[in-house]
Amino acid sequence: MKEKKDSGSILFSRVLVWVFGALLLVLDWAIWPVSHMLTRYLPILHSSWGTMLIVCLYACNVPGFMLIFCMDKLLRNLRKGIVFDSRNVRLLGIVSICCFIACAVCLVGCARIFFLGFVALAAGFVGLIVRIVKNVFSAAIDMRSELDLTV
Amino acid sequence: MAIVVNLDVMLAKRKMAAGELAEKIGITPANLSILKNQKAKAIRFSTLNEICRVLDCQPGDILEYQEDMI
């Protein structure tokens with residue numbers, strides 16, 4: 001019963017990851033016309049803001065899709081029962097680096113669009129949390145290998 | 001690790017095979033192999049107790065401290 005619950009939970013997480021991936025794709029496609037519309041109908045927004053927003057979004061694309069791919073791979077490993085493994089530690093490391101790259105891009109964009117500073121803060125904080133989870137996994141792997149070699 | 005496991009010596013003295021010992025003390029042959037090949041990081045007292053009971057020996061006959069092994 002518990003196994004069924006766990007696999008259901010992992011499937012739900014994977015669906016959420018795919019949904020975020022799809023949202024990112026939609027945003028990639030929609031940002032150009034949306035930003036044009038916004039600067040046309042809300043003259044208070046400068047057109048350079050829209051350009052900076054588009055540049056930041058497209059710059060975050062590579063780490064964004066890499067992050068989604070890694071999270072999906074991590075969830076697939078969990079479904080196979082591969083939990084405290086060096087492969088998962090590596091995937092978590094990549095996820096945290098992607099978050100830090102997004103943080104850096106938003107910090108640069110923050111010079112033009114102030115609210116990107118908050119996005120940078122959130123991305124950096126998430127990257128830090130994932131990094132700490134990665135450290136926890138590393139320690140768990142060491143403990144498990146010690147236990148495996150306890151007779 | 002400076003602790004050396006002399007299980008091979010005791011098995012030879014008692015003329016017992018490793019598989020037989022593993023079965024009698026209730027651990028897998030793989031785990032016993034880890035112990036025999038100096039790869040173990042820790043041993044439970046319960047396991048040591050069983051080894052000494054089956055081989056009719058003292059813990060010192062199985063475990064030895066060698067300074068220059070570090």
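Student: Which residues of helix 4 of chain B are buried?
Tutor: B:T47, B:L48, B:I51, B:C52, B:V54 and B:L55. Buried means under 20% relative accessible area, exposed over 50%, partly exposed in between (1.4 Å probe, protein chains only). Helices (H or I, at least four residues) and strands (E, at least two) are DSSP runs, numbered from the N terminus.

Student: How do I read the numbering and the model?
Tutor: Residues count from 1 along each chain as its sequence is written, and chains are lettered from A, ligands numbered from 1, in the order in which they are written. The model is predicted, with local features needing pLDDT of at least 70, side-chain atom pairs counting only at pLDDT 80 or more, and totals for chains, interfaces and linings using all residues; side-chain values use heavy atoms, without hydrogens and water.

Student: What's exposed on the face turned away from the buried side of helix 4 of chain B?
Tutor: B:F45 and B:R53.

Student: And what covers the buried residues of that helix?
Tutor: The cover includes helix 1, helix 2, helix 3, helix 5 (59–62) and strand 2 (63–65) of chain B.

Student: New topic. What does B:L32 touch?
Tutor: B:L7, B:A18, B:L21, B:A22, B:I25 and B:I27, leaving out residues up to four places away in sequence. Contact means heavy atoms within 4.5 Å.

Student: What follows helix 4 of chain B?
Tutor: B:D56, with a positive phi near 50°.
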